[in-house]
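Let's take a friendly walk through this model together. Have your viewer open as you read.

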Amino acid sequence: MDSRKINLADKLGRFQEEWTPHIIAALNGQHVKLAKLKGELTWHSHADEDELFLVLDGSLTIQFRDRDVRLEKGEMFVVPRGVEHNPVAPYGASVLLFEPQSTKHTGDVVVQRTVTRQKWIGTMPTTPLSSIDLHRVIRSTHMCIASERFAYLRVKRLPDPVDHLMCFSCGDDKTVVTRESRIHDSDHSAIEAWFRLIEFRIPTPFETPGFLAAIASALAGEGINLLIISTFPHDYVLVRDRELKRATAALQSLGFQIPNPT
Ligand code: NI
């Protein structure tokens, strides 16, 4: 699967809010957005931006002061910069918008429906690497999921690290991360469980800014918390056992190949 491929129906299925454009791609300083419309927005204009409307479903009337332009499914219109307009969709419509990143939702007019911060669906965060380079790294990263469950333990004295995933000591903070089967090897005062370990064998360790940010952002988008451990050759991410399925789905949509649990 090429994760750069974008399925419009899939993206439209991922939000319900009306009059709330969601960004699905960026190119040449422009954004491609999807929006669901019902009723009317408000009269406004964009002083410096032309705004493209492509109707994917339903019908949309763009009102101008001197005329109406009615668009059916499969039809599009470019509203020129500086021209006052008011999108109206009494029966509902799904539209694709294409406009410069600077375009404000309702121009300089602010109404209750105005969205000031437009969101991405399936976000690829801004990184020093281009998103294409990052995709290349993601696609050549081998990912695997350990079958055993893991727990965080707070300990007074660190055990022999040979038997554990991680033994960390910084002042009073002594933490062990270990497999379920090894928990009783250490005398702990607190436990946080259960977690699953996802291993990323990245081709360029230490050299891929944005790699862990992309993972963290994809999981955050699904409301999933993650814990990160990096070693010499690999990056590891721990997620809650109950969230593993959703986490792997989010990673898959980022472009990782999902293996069977090992
Ligand atoms: Ni507009």
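## About the model

This is a predicted model, in which local features need pLDDT of at least 70 and side-chain atom pairs count only at pLDDT 80 or more, while totals for chains, interfaces and linings use all residues. Residues are numbered from 1 along each chain as its sequence is written.

## Overall form

The protein has 4 helices and 14 strands; these are DSSP runs numbered from the N terminus, with helices being H or I of at least four residues and strands being E of at least two. Its radius of gyration is 24 Å, well over the 18 Å that the globule rule gives for 262 residues, so the protein is more spread out than a compact globule. That radius is taken over C-alpha atoms, and the rule is 2.2 Å times the number of residues to the power 0.38. Along the principal axes, the C-alpha atoms fill a box of roughly 80 × 35 × 35 Å.

Of the 262 residues, 25% count as buried (20 or more other C-beta atoms within 10 Å of the residue's own; 12 or fewer is exposed, in between is partly exposed, and C-beta atoms are placed from the backbone). Among contacts with a separation of 6 or more, 69% are between residues 24 or more positions apart; a contact means C-beta atoms, placed from the backbone, within 7 Å.

## Helix 3 against helix 4

Helix 3 (residues 211-221) and helix 4 (residues 244-254) pack at an angle of about 125 degrees, with their axes 9 Å apart.

Helix 3 contributes A214, I215, A218, L219 and G221 to the contact, and helix 4 contributes A247, A250, L251 and L254.

## Residues to look at

E148 sits in the loop between strand 8 (142-145) and strand 9 (150-155), and counts as partly exposed with 15 C-beta neighbours inside 10 Å. Leaving aside neighbours within four places in sequence, E148 is in contact with R179, E180 and S181.

A cis peptide bond joins A193 and W194, with omega about -10 degrees; W194 is in strand 12 (residues 188-201). Two residues other than glycine have positive phi: W19, at about 55 degrees, and N28, near 50 degrees. W19 is buried, with 21 other C-beta atoms within 10 Å, whereas N28 is exposed, with 6 C-beta neighbours inside 10 Å.

Conventions
Two residues are in contact if their C-beta atoms, placed from the backbone, lie within 7 Å. Axes are lines fitted to C-alpha atoms, for helices over the stretch in contact, and angles run from 0 to 180 degrees between N-to-C directions.
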